[in-house]
Structure formats: structure tokens, C-alpha cells
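Have the picture open while you follow along.

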Amino acid sequence: MNRRALQRFLHDRAAVVSLIVFALILLACLGMPVLGYSDYVSLDIGNHYAPVSLTHPFSTDNLGRDVFTRVMIGGRYTLGLSFLSTLIAITCGTLLGILAGYCGGKTDSILMRISEAISAIPYILLVIFFEVSLGWGKGWFFLAIAFAQIPAILRTIRSAVLKIRFREYIEAARAIGKSTPYILFHHVLHNISTAILVQACSSYASAIISCSILGYLEFGISFPTPEWGRMVADYFHLVQSHGFLVVIPCVFISLSVLTVTLIGNGLRDAFDIRGGSHD
Amino acid sequence: MFRFLLKRILTAIPVFLGALLAVFLLLTYIPGSRLGYLPIAGNGDLLDHLFTLFHVPANVFTRYLRYIYDVITKLHFASGFHHRDLSLEVLTRARLTLFLTFLAFLLIVLVGIPLGTYAAGKHGKWQDHLISVISLVLSSIPPFCLAIFLAIVFCVTLRLLPVFGMNGPKNFILPTITIGASGLARTIQTVRANVIEALHRPYIRTLRSHGVKERKILFGHALKNSMIPTVSIIREMTAEVFVSTFIAEWFYAIPGIGYYLIQAVNARDYGVVLACTAVTAVLILVFGIISDFLYYLLEPELRHREVSHE
């Protein structure tokens with residue numbers, strides 16, 4: 001089943017191209033600072049808006065800082081923090097979703113009510129809570145993003161579990177006396193693993209959006225550390241004269257989200273989640 | 001039908017109270033919060049009498065009850081900072097936010113559903129590819145980036161639309177697009193996928209063999225049968241649309257609830273934050289109830305068995 005899914009994924013041109021582009025962005029964010037593009041703070045006011053060259057591939061900003069370096073360092077924060085929040089949200093959301101879907105009844109309805117309540121609170125609030133209690137501007141907002149994403153993940157995982165909840169193999173496992181934790185981890189988790197993977201991709205895409213939104217609202221990482229959303233806010237007053245300073249981070253955010261979404265779509269089609277006939 | 005609505009509204013109330021309690025506790029226990037100083041005793045109404053009668057100690061829960069009581073009975077939103085009632089401010093702003101959100105949902109429904117169906121009808125042709133690519137791109141641009149792109153194109157380069165101001169219907173075009181774009185894109189994708197799936201069903205072949213017009217098959221039958229997933233995807237995006245509304249208000253300087261909230265967060269004015277959250281939570285829950293009701297109308301099965309929340 002896995003090899004067939006991989007083959008189908010590799011035949012999906014959009015997904016493969018996105019995978020390559022996203023890998024390149026990631027590689028550049030991790031590798032470029034090592035290759036000498038690592039100075040993102042020192043000012044060189046005489047050299048502002050320098051012509052595009054190998055030392056300044058994206059020119060320099062109004063204070064003479066290299067834009068390329070800032071974008072690459074910023075990507076580490078945006079993509080890294082979004083990844084952390086997705087990891088936390090997927091772990092918690094999956095556990096709770098399995099609990100809700102498998103146990104059903106009271107547990108299920110209480111968990112659904114709680115998740116409804118969470119999604120009624122704008123996550124900007126959770127951001128201020130985490131940021132003020134753990135330290136402002138240090139990037140703790142990823143906990144808030146993770147928290148805000150749990151309801152959506154919970155719903156998806158729950159409906160995936162409900163689909164296989166009453167299948168024969170689970171009945172059989174229970175009939176031969178397997179314990180509930182064993183059934184949950186060996187049968188349920190194993191059978192919804194592809195759904196989790198696809199959900200992780202779409203969660204990651206929306207985490208990147210949330211992360212950059214918080215940066216744009218200046219709730220995120222504090223000055224002078226670059227972060228893609230924060231860069232947009234910082235350079236916004238220059239949008240009429242030097243629009244590229246704003247457009248470049250915007251393009252990087254959108255490109256990352258687009259590629260992650262396409263990878264997720266490719267995985268979904270490859271595993272044929274909609275049909276649900278992969279087990 | 002009324003039983004369903006009543007039941008749905010009654011289940012929304014504890015959810016609202018729980019959400020507000022969570023926010024209240026969060027904001028009270030933030031280091032340096034002034035929310036702890038919200039007035040607890042005062043105007044000598046029923047709640048105060050009860051508190052003094054039963055010797056209820058003043059703690060965070062009594063303050064919470066007091067707050068809820070004021071909001072429900074007098075529409076009074078206490079503010080920790082200003083010592084004045086925020087209700088006029090909050091409700092005027094909420095009206096504007098609601099109007100913007102309504103416009104965005106109008107865009108999502110009135111443009112998204114026909115476009116998605118049209119793309120499904122042209123499945124595999126260039127119109128379909130064009131619509132798919134555009135919706136894919138729209139769904140992956142964060143609202144503030146889209147706002148900047150739109151401002152650069154329509155305001156700076158083409159000089160067609162104003163960026164800021166509240167002088168007429170022209171001012172609402174760009175915010176509506178900014179708020180609705182990603183929801184619109186997702187609606188188009190969902191409708192398209194579901195209509196394409198419906199078009200492969202046997203009953204469509206039967207209709208075709210009877211000589212029913214293609215347009216009628218598409219919009220009358222295939223679309224009608226894929227409305228349920230559409231309503232559920234629109235229901236799921238409600239919270240996201242509200243966040244986009246906040247961003248659009250911030251960008252276009254529209255004095256709505258989101259602008260107020262972000263300003264209050266920056267000023268650490270937690271009374272205002274609490275009031276804005278309460279109003280937003282009510283709006284989100286009301287949208288949830290409306291879409292559940294639509295769901296109920298569309299899904300005949302639901303009318304017969306217990307309402308499940310999937």
C-alpha cells in the first residue's frame with residue numbers, strides 16, 4: 001500500500017514541484033546563514049538600498065541591512081515556530097480526537113463542547129496570555145497557535161476514528177481480549193495515521209498564516225530579530241517608495257503556505273483519504 | 001424545528017459562559033492585570049443582595065458572576081481602566097464588524113458556490129484549471145499580504161479605490177475581498193470537488209438520458225446534493241473569517257471590534273479585551289447556530305434522529 005501511495009504521490013506534478021520548492025526554502029533558511037549570510041543586525045546607513053549583487057541578492061533595507069539575510073533568518077523563526085506549534089497541536093488533537101471518537105457518549109459531547117468554546121475565543125487573546133506570563137517577544141505565541149488549532153484537528157481525527165470505530169477488526173481484537181490501549185495504538189492509530197499526516201500538512205499551512213499574522217500585528221518576536229510577518233509591519237511605511245521590502249516577505253509567506261498546501265493535497269490524493277479504502 | 005432551534009440555543013449558552021470564564025480567568029491571572037480590580041459591590045441590585053445575604057467572599061468567581069450579571073441584565077461592560085461603561089462603544093463597533101463579516105459571507109456564498117459549480121461543470125477544461133489555480137493561490141495568501149497586494153494594485157497603481165476612510169460603498173470593497181478571499185477559495189474547492197463527485201452518480205446519467213438540460217443538472221441536481229458539505233465547510237471557517245475581519249479592520253483602519261481589540265491588547269486594557277471577546281464569542285456562536293440550522297434544513301435525516309455535532 002505504501003509503495004503504491006508513494007508512486008501516486010510522485011506522479012502528482014504539482015505536489016512534487018511544491019515539495020522541491022519548499023525543501024529549497026527550508027534549505028536556504030537553514031543553510032544560507034552558515035554560508036556567510038548571517039549578519040542581519042549591523043547597520044550600514046551609507047549603503048542603504050544597495051544595488052542587487054551577490055553580497056546583497058535582495059538589496060538592502062532603509063538602514064543598510066541585507067534583506068536576503070533577514071528573510072532567511074526570519075524564515076527560521078516563522079517556519080520553525082509554526083512547525084513546533086503544529087507538532088504540539090497534532091499530538092494533543094490526535095489524543096483527544098481518538099478519545100472523543102472511540103469513547104463516544106458523554107466524553108465525546110463534553111470534548112466537543114470544550115472545543116466549540118475554544119474556537120469561539122479569538123486566539124489573539126491566548127497570545128497575550130502566553131506572552132505576558134512567559135515573557136513578551138520571545139516567541140511563546142506558538143503555544144497559543146497550537147492551542148487554537150486543537151479544535152479543528154480534534155474534529156478531523158474524531159470523524160476519522162468514527163469511520164473505523166465499528167469495523168470488524170476492532171470487534172475481533174476486543175473479542176480476543178486485547179486491552180483498550182493496545183487497540184487504540186495498534187489498530188486505531190495505525191489506521192488513521194495517513195489522515196493525521198494530511199491534517200498535519202493543512203495545520204502547518206494555517207500555522208504559518210497565524211504566525212505571520214501575529215508577527216504583522218507586532219505580537220510576535222520582538223525587534224530586531226526578523227520574522228516574515230514582522231518584517232512586513234516594520235517596512236510597511238516604505239511601501240510606496242520601496243515596495244520590494246514589503247513584497248518579498250509576503251511572497252515568501254504565501255509561497256510556503258501554497259507549497260505546504262499542495263504537498264498536503266498530493267498526500268491526500270495519494271492515500272485516497274476521501275475514498276477511505278486504504279486499509 | 002423550534003425544538004431543534006431551542007435546543008441548539010440552550011447548548012450554546014454554557015459554551016458561551018465557559019468561553020467567557022476561561023477568558024476571565026486568563027485575564028485575571030496574567031501578571032500585572034488590572035482586571036482583579038473590577039468593581040464587585042456597588043449598585044445594590046439583586047446579585048449584591050444575594051452576595052451579602054449569603055456572605056459570599058469576594059474572589060474571582062464572584063467577580064465573574066458579577067460581570068456576567070451586568071452584561072446580561074444591563075448590557076453593561078465594566079472596564080478596569082476607564083471606570084466607565086463600554087457598552088455603547090462595543091456595540092457600535094460590533095455592528096460595523098458584523099456588517100463586514102456579513103458582506104464577506106455574502107461574497108463567499110454568492111460567488112463561491114456558483115463559481116465552484118461552474119468549474120465542476122467545465123471539469124478538465126481551461127476554465128476549470130483557471131478557477132482552481134486562482135482559488136489555490138487565494139487560499140494560501142494571508143489576509144494582510146492580500147490587503148497589501150490589493151492596496152498596491154487598486155489604490156497605488158490603478159488609483160481606482162480608496163485605501164482608508166468610511167465615506168461610501170467604495171470603501172467596503174477591498175476589506176470585503178480581504179476578509180472573504182480565503183473562505184471563498186475554500187468554498188470553491190469544496191463545491192467543485194463535491195459537484196464533480198455528484199456528477200459521476202447514476203442518477204445524473206439517468207437525468208442526462210432523459211434529456212434534462214446540462215445547466216439544470218448542474219445547478220438543480222448536482223449542486224443541491226452537495227450543499228451539506230458546503231454548509232459544513234462554511235461553518236468551520238467562521239472563526240477564521242472573524243480573525244480575517246480583525247486583520248482587515250487593522251489594515252484599513254476601520255473602527256470595528258477587531259481594531260479596538262488589537263489596540264486594547266497593545267495598551268494592556270484588559271477590560272476592553274474582555275468586552276470585545278464577549279461580543280466576538282456571541283457573534284461566532286450565533287453564526288454557528290445559523291449554520292447548524294441551515295444544516296438541519298438541508299439534512300432530512302437530522303430531523304428524525306438526535307442532533308449530532310460532527
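Q: Is A:A160 buried or exposed, and why?

A: A residue is called buried if 20 or more other C-beta atoms lie within 10 Å of its own, exposed if 12 or fewer, and partly exposed in between, with C-beta atoms placed from the backbone. A:A160 is buried, because 25 other C-beta atoms lie within 10 Å. This residue sits in helix α6 of chain A. Helices (H or I, at least four residues) and strands (E, at least two) are DSSP runs, numbered from the N terminus.

Q: Before we go on, what kind of model is this, and how are things numbered?

A: This is a predicted model, in which local features need pLDDT of at least 70, side-chain atom pairs count only at pLDDT 80 or more, and totals for chains, interfaces and linings use all residues. Residues are numbered from 1 along each chain as its sequence is written, while chains are lettered from A and ligands numbered from 1 in the order in which they are written.

Q: Which residues does A:A160 touch?

A: Two residues are in contact if their C-beta atoms, placed from the backbone, lie within 7 Å. Not counting residues up to four places away in sequence, A:A160 touches A:I192 and A:A195. For A:A160 and A:G80, the separation is 80 residues in sequence and 28 Å in space, C-alpha to C-alpha.

Q: How much can I trust the coordinates of chain A?

A: Look at pLDDT, the predictor's confidence in each residue, from 0 to 100. Chain A has a mean pLDDT of 86, and 97% of its residues reach 70 or more. Over residues 275-279 of chain A, though, the pLDDT is below 50, and this stretch has seven contacts in the model beyond near neighbours in sequence. Where pLDDT is low, the predicted coordinates should not be read in detail.

Q: Which residues touch the most other members of the largest nonpolar core?

A: The general idea is that in soluble globular proteins, nonpolar side chains tend to be buried together. A nonpolar core here is a set of buried Ala, Val, Leu, Ile, Met, Phe, Trp, Tyr and Cys residues joined through C-beta atoms within 7 Å. The largest one holds 156 residues, and A:L125 and A:V127 touch the most other members. Helix α6 (residues 141-164) of chain A gives the most to this core, with 15 residues. Leaving aside neighbours within four places in sequence, A:V127 is in contact with A:F141, A:A144, A:L214 and A:F219.

Q: How do I describe the packing of α3(A) and α11(A), and at what angle do they cross?

A: Two packed helices are described by the angle between their axes and the distance between the axes. Axes are lines fitted to C-alpha atoms, for helices over the stretch in contact, and angles run from 0 to 180 degrees between N-to-C directions. The axes of α3 (residues 67-103) of chain A and α11(A) come within 11 Å and cross at roughly 35°. On the α3(A) side, A:V67, A:V71, A:G74, A:G75 and A:L79 meet A:L245, A:I248, A:P249, A:F252 and A:S256 in α11(A).

Q: Where is A:S59, and what is its phi?

A: Most residues other than glycine have a negative phi, and most peptide bonds are trans. A:S59 is not a glycine, yet has a positive phi of about 65°. A:S59 is found in the loop between α2 (13-31) and α3 of chain A, and is partly exposed, with 18 other C-beta atoms within 10 Å.

Q: How many residues of each chain take part in the contact between them?

A: Chain A gives 32 residues and chain B gives 36 residues. On the side of chain A that touches chain B, the largest share, seven residues, comes from α11(A).
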